Amino acid sequence: MTVFVAVCRACGDALFPPRLLCPSCGGDAWDSVAVTEGVVTEATSVQHRVAAPVHLVSVRTGLGVVLLARMDSAAEIGARVTLRQQDGAVVAEARAPATPPPPTTATRPR
Ligand SMILES: [Zn+2]
């Protein structure tokens, strides 16, 4: 499920989760804007004695708003992640690194 951020129609501030009134201008009209990716700005892992560790990250989106998300594995600061919503929680997944184009072999006409 897609993550939606509330963007104030009056001042353009982006908020997550949405609020009744904009904390910047007091506006009450919002647009829902889908966010699908962002960059990890903080990361931590919570260790449990008996359960698997929980990995949490702060993700800055292109709209400037920072979301708290869970990850399946530890992340590094600066990593690009995709975002989705699952059972009401935001989940981040590491984006596959961009694959470089295959090297071209120059052929010279004879
Ligand atoms: Zn506003």
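Biologist: Which strands form the open sheet of three strands, and in what order do they stand?

Modeller: In this predicted model, the order of that open sheet is E2-E1-E3, and its pairing is antiparallel.

Biologist: What makes E2 and E3 edge strands?

Modeller: Strand E2 (14-15) and E3 each have a single partner strand, so one side of each is left without a neighbour in the sheet.

Biologist: What makes E7 and E8 a pair?

Modeller: The same cut-off of at least two bridges applies. Strand E7 (residues 80-86) and strand E8 (residues 89-94) have six bridges in the antiparallel sense, and so they count as paired. Val-81 stands opposite Ala-94 in E8, and the bridge partner of Thr-82 in E8 is Glu-93. The hairpin of E7 and E8 has two residues between the strands, and Asp-87 takes a positive phi near 55° there.

Biologist: Over how many bridges does E4 pair with E7?

Modeller: Strand E4 (residues 37-46) pairs with E7 over three bridges, again in the antiparallel sense. Gly-38 has Val-81 in E7 as its bridge partner.

Biologist: How many helices and how many strands does the protein have?

Modeller: The secondary structure comes to zero helices and eight strands, and from the N terminus on the elements run β-β-β-β-β-β-β-β.

Biologist: Why is a group of residues here called a nonpolar core?

Modeller: The name is used because such a set consists of buried residues of listed types, Ala, Val, Leu and Met among them, joined through C-beta atoms within 7 Å. The largest nonpolar core has 15 residues, of which Val-57, Val-59, Ala-69, Met-71, Leu-83 and Ala-92 touch the most other members. Strand E1 (3-8), strand E3 (30-35), strand E5 (54-61) and strand E6 (66-71) each supply at least two residues of this core. E1 gives the largest share, four residues.

Biologist: Which residues are in contact with Ala-92, leaving aside its neighbours within four places in sequence?

Modeller: The contacts of Ala-92 beyond those neighbours are Val-57, Val-59, Ala-69, Met-71, Val-81 and Leu-83. For each to count as a contact, the two C-beta atoms must lie within 7 Å.

Biologist: How many residues does the protein have, and what share of them count as buried?

Modeller: The protein has 110 residues, and 15% of them count as buried. To be buried, a residue needs 20 or more other C-beta atoms within 10 Å of its own.

Note on methods. Residues are numbered from 1 along each chain as its sequence is written. This is a predicted model: local features need pLDDT of at least 70, side-chain atom pairs count only at pLDDT 80 or more; totals for chains, interfaces and linings use all residues. A residue is buried if 20 or more other C-beta atoms lie within 10 Å of its own, exposed if 12 or fewer, and partly exposed in between; C-beta atoms are placed from the backbone.
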